[in-house]
Amino acid sequence: MIFSLFGTFFLIGLFTFGGGYAMLPLIQKEVVVSHQWLTMTEFIDVVGIAEITPGPIAINTATFVGYKMAGVLGSAAATLGVVLPSLIVIVLIAAVFVKVRDNPYVEAAFSGMRPAVAALIASAAINILPSSVVDVKGAAIAVASFALLRFTKVSPILLLLLSGVLGALIY
Amino acid sequence: MWKLFATFFKVGATTFGGGHAMVPIIHREVVDAHGWLTNEEMVDIIAIAEITPGPVAVNTATFVGYKKAGVVGSVVATAGVVLPSFLVILAIVSFFLKVENSPVVAAIFKGMRPTILALVAWAAARIAKVTVKDGFTVAVCGAALLLVLVVKLHPIGVIALSALAGLVRSMLTRKGEGEAQ
């Protein structure tokens with residue numbers, strides 16, 4: 001299990017490009033679908049907790065899943081796994097002075113990857129839809145939240161906490 | 001070395017939400033508060049941190065740590081920025097796993113989940129707005145959606161294919177320009 005946690009999150013860390021949210025579809029596929037370490041609903045909750053706690057959402061999710069599966073050792077393995085690939089890559093780049101900035105091949109690859117990442121994150125949203133919106137009240141909360149995020153500068157954390165309070169009241 | 005760790009520990013402990021929020025704080029600490037790097041160097045690092053795998057905040061820490069103190073520095077800085085959230089999550093998670101089935105907690109999360117959905121959807125929309133703007137990117141985005149949702153291709157496969165698509169396209173357009181000359 002420890003090794004599996006480390007290996008899985010190493011893979012996830014290795015292929016996360018374009019920001020922390022890009023890790024979500026990968027975690028969804030590996031942790032929920034392939035290994036079934038979390039249910040889709042638990043995955044959603046973990047994302048929520050990771051959002052309101054300090055630190056990058058991607059790391060927090062790894063820590064959480066690791067703990068759930070194998071206690072402190074598991075959380076250490078998962079967190080180490082997800083952090084290691086970027087550590088290695090960056091040290092290699094910096095040490096060998098590989099020119100990655102303004103490198104035409106890198107630019108070209110990213111021109112393809114960026115829209116794909118948008119699609120992947122959208123797919124993660126689509127996948128969690130059935131488990132996150134279960135009734136009309138939920139739909140209303142989702143739409144209102146999206147509108148607030150889109151059109152105001154509301155803090156996501158505040159929004160999450162408010163919706164939690166709302167949930168306690170209406171459910 | 002200790003200052004490196006402590007600075008990044010502070011950043012890691014006080015930044016909530018998305019990792020991108022951490023970047024300007026790191027910038028402020030590294031350039032303004034400690035003068036470890038110049039503004040230009042920091043901008044360069046952030047640009048590279050965006051394109052290397054992993055969360056941008058962690059990558060930035062790793063890179064700054066390396067510039068400051070080699071491999072050991074990169075490990076120390078990375079550990080510093082990751083440790084606070086690691087510890088906090090550990091503290092929360094066992095409690096959460098115990099109470100997650102209590103009716104109040106269940107209700108709270110039932111209210112939170114639609115908002116979480118909205119957050120993820122909004123993240124997708126934000127990125128799409130910036131990255132999907134011409135025929136090629138629309139095609140890649142659409143193809144990626146189809147591949148991951150309908151074909152159920154692994155996201156890693158989708159990422160690899162999209163990188164390839166970008167490379168092929170750039171080769172074709174450059175070839176076209178070459179022939180036109």
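How many helices and strands does chain A have? Chain A has seven helices and zero strands. Hello everyone, and thanks for coming. Before I go further, please keep in mind that this is a predicted model.

Let's stay with chain A for a moment. Read along the sequence, its pattern is α-α-α-α-α-α-α. The C-alpha trace spans about 55 × 40 × 25 Å along the principal axes. Of the 171 residues in chain A, 54% count as buried. If you take the contacts in chain A between residues at least 6 apart in sequence, 59% of them join residues at least 24 apart. The accessible surface of chain A is about 6,700 Å², and carbon and sulfur atoms account for 74% of that. As for charge, chain A has 8 positive and 7 negative charges, and their mean positions lie 7 Å apart.

Now chain B. Here too we have seven helices and zero strands, and from the N terminus the elements run α-α-α-α-α-α-α. The C-alpha atoms of chain B fill a box of roughly 60 × 50 × 25 Å along the principal axes. What is the radius of gyration of chain B? The value is 21 Å, whereas a compact globule of 181 residues would come out near 16 Å. In chain B, buried residues make up 47% of the 181. Among its contacts with a separation of 6 or more, 42% are between residues 24 or more positions apart. The accessible surface comes to about 8,400 Å², with 68% belonging to carbon and sulfur atoms. Chain B carries 15 positive and 10 negative charges, whose mean positions are 10 Å apart.

In general, nonpolar side chains in soluble globular proteins tend to be buried together. In our model, the largest nonpolar core has 101 residues, and the members touching the most other members are A:Phe9, A:Phe43, B:Phe8 and B:Val30. Which helix gives this core its largest share? That is helix 4 of chain B, with 14 residues.

Let me zoom in on one of those names, B:Phe8. Leaving aside neighbours within four places in sequence, B:Phe8 is in contact with B:Ile26, B:Val30, B:Ala61, B:Val64, B:Ala77, B:Gly80 and B:Val81.

Now for some contacts between the chains. Start with A:Ser86, which sits in helix 4 of chain A, residues 57–96. Is A:Ser86 buried or exposed? It counts as buried, because its relative accessibility is 0% and the cut-off for buried is under 20%. Apart from residues up to four places away in sequence, A:Ser86 touches B:Pro53, B:Gly54 and B:Asn59.

From B:Val88 to B:Ala128 is 40 residues in sequence and 32 Å in space, C-alpha to C-alpha.

Then there is B:Phe109, found in helix 5 of chain B, residues 103–131. At 9% relative accessibility, B:Phe109 counts as buried. What does B:Phe109 touch, not counting residues up to four places away in sequence? The answer takes in both chains: A:Asp45, A:Ile49 and B:Phe96.

Last stop: two backbone details in loops. In chain A, the loop between helix 2 (23–34) and helix 3 (40–52) holds A:Gln36. Its phi is near 55 degrees, a positive value in a residue other than glycine. A:Gln36 is exposed, with a relative accessible area of 61%.

In chain B, have a look at B:Lys152, in the loop between helix 6 (135–149) and helix 7 (155–180). B:Lys152 is not a glycine, yet its phi is positive, about 60 degrees. This lysine is exposed as well, with a relative accessible area of 55%.

Methods
Residues numbered from 1 in each chain as written. Chains lettered and ligands numbered in written order. Predicted model: local features only at pLDDT ≥ 70, side-chain atom pairs only at ≥ 80, totals over all residues. Heavy atoms only, no water. Helix = DSSP H or I, 4+ residues; strand = E, 2+ residues; numbered from the N terminus. Rg over C-alpha atoms; globule rule 2.2 N^0.38 Å. Buried < 20%, exposed > 50% of the residue type's maximum accessible area, 1.4 Å probe, protein only. Contact = heavy atoms within 4.5 Å. Areas by Shrake-Rupley, 256 points an atom, 1.4 Å probe, with all protein chains shown as cover. Lys, Arg positive; Asp, Glu negative; His and termini not counted. Charge placed at Lys NZ, Arg CZ, Asp CG, Glu CD. Core = buried A, V, L, I, M, F, W, Y, C linked by side-chain atoms within 4.5 Å.
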